[in-house]
Amino acid sequence: MQEKQYSIQTIIKSVFKEKNHTINKRLIYDNAQFGGLSNKWIKLAFLILPFAMYAAIFNPVSFKELGIAQAIVFYIILLVFAMQIVVAVSYFNNKKVLKTAAKAWEAYFPGIDFKMILSSGVTPYADFKKYYESALTEALEEDALKARMTESFQKMEMENIHLVEAMKKDKEKKEGK
């Protein structure tokens, strides 16, 4: 089975949201870019969940059986369970999107780890947002965007040459074990 080829913009839109030529990282990644469930539906489900539990516990039939104290305790316990569901669904959604995006990213920029672009820590690609936003202002299309981003990655690597060398040494050390 042949893997689907996604555009660079599609890959980036799955993990970043764009507004006025600026990008910000999404809290819940958007799987709709890859043909999956949109993060808007996930957010809607998270919003509805507490109200649905409230309606289930505090309706006249169940409230009469539980009483006020048990209904409140039961609602709190279900809210804790709902929070666990929110964390789990967000985690697995983000993991799935990241896996798909990383595979698609590798086709355009082999050797550049997609997770480093998303990292908030110190990476050679910490200025990715700045370079990508400048490409957005110029409204570059796929081939021109790829050329610009390749050039930008080279600049970022040259600016952080010591970090790149340390990462290569660490990678060689791990492969040597």
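User: Is Asn20 buried or exposed?

Analyst: Asn20 is exposed, since its relative accessible area is 66%. Exposed means over 50% relative accessible area, buried means under 20%, and partly exposed is in between (1.4 Å probe, protein chains only). Keep in mind that this is a predicted model, where local features need pLDDT of at least 70, side-chain atom pairs count only at pLDDT 80 or more, and totals for chains, interfaces and linings use all residues. Residues are numbered from 1 along each chain as its sequence is written, and side-chain values use heavy atoms, with hydrogens and water left out.

User: OK, and where does Asn20 lie?

Analyst: Asn20 lies in the loop between E1 and E2. Strands (E, at least two residues) and helices (H or I, at least four) are DSSP runs, numbered from the N terminus. The phi of Asn20 is positive, near 55°, and Asn20 is not a glycine.

User: How do E1 and E2 run, and how many bridges join them?

Analyst: Strand E1 (residues 16-19) and strand E2 (residues 22-25) run antiparallel, joined by four bridges. Two strands pair if DSSP finds at least two bridges between them. Lys17 stands opposite Asn24 in E2, and the hairpin has two residues between the strands.

User: New topic: which helix is Ser14 in?

Analyst: Ser14 sits in helix H1, residues 8-15. Ser14 counts as buried because its relative accessibility is 0%.

User: What is Ser14 in contact with, leaving aside its neighbours within four places in sequence?

Analyst: Its partners are Arg26, Tyr29, Asp30, Gln33, Phe34, Val97 and Ala101. Contact here means heavy atoms within 4.5 Å. Also, a polar atom of the Ser14 side chain is 2.5 Å from the backbone oxygen of Ile11.

User: And Ser62, buried or exposed?

Analyst: Ser62 is buried, at a relative accessible area of 18%. Ser62 belongs to helix H3 (residues 60-66), and leaving aside neighbours within four places in sequence, it is in contact with Ala56 and Ile57.

User: How many residues of H8 are buried?

Analyst: One of its 16 residues is buried, so H8 is hardly covered. Helix H8 covers residues 161-176 and reaches 22 Å from its first C-alpha to its last, close to the 22 Å expected. That expected span is 1.5 Å times one less than the number of residues.

User: Which element has the lowest mean pLDDT?

Analyst: That's H8, with 84, while helix H4 (residues 68-108) has the highest, 92. pLDDT is the predictor's confidence in each residue, from 0 to 100. For the protein chain the mean is 88, and 98% of the residues reach 70 or more.

User: Let's zoom out. How many helices and strands does the protein chain have?

Analyst: Eight helices and two strands. From the N terminus on, the order is α-β-β-α-α-α-α-α-α-α.

User: What is the radius of gyration of the protein chain?

Analyst: The protein chain has 22 Å, but a compact globule of 177 residues would have a value near 16 Å. The radius is taken over C-alpha atoms, and the globule rule is 2.2 Å times the number of residues to the power 0.38. The C-alpha trace spans about 70 × 45 × 35 Å along its principal axes. Buried residues make up 31% of the 177.

Key
A polar contact is a pair of N or O atoms within 3.5 Å; within protein, one must be able to donate a hydrogen and the other to accept it, and residues adjacent in sequence count only if both atoms are side-chain atoms.
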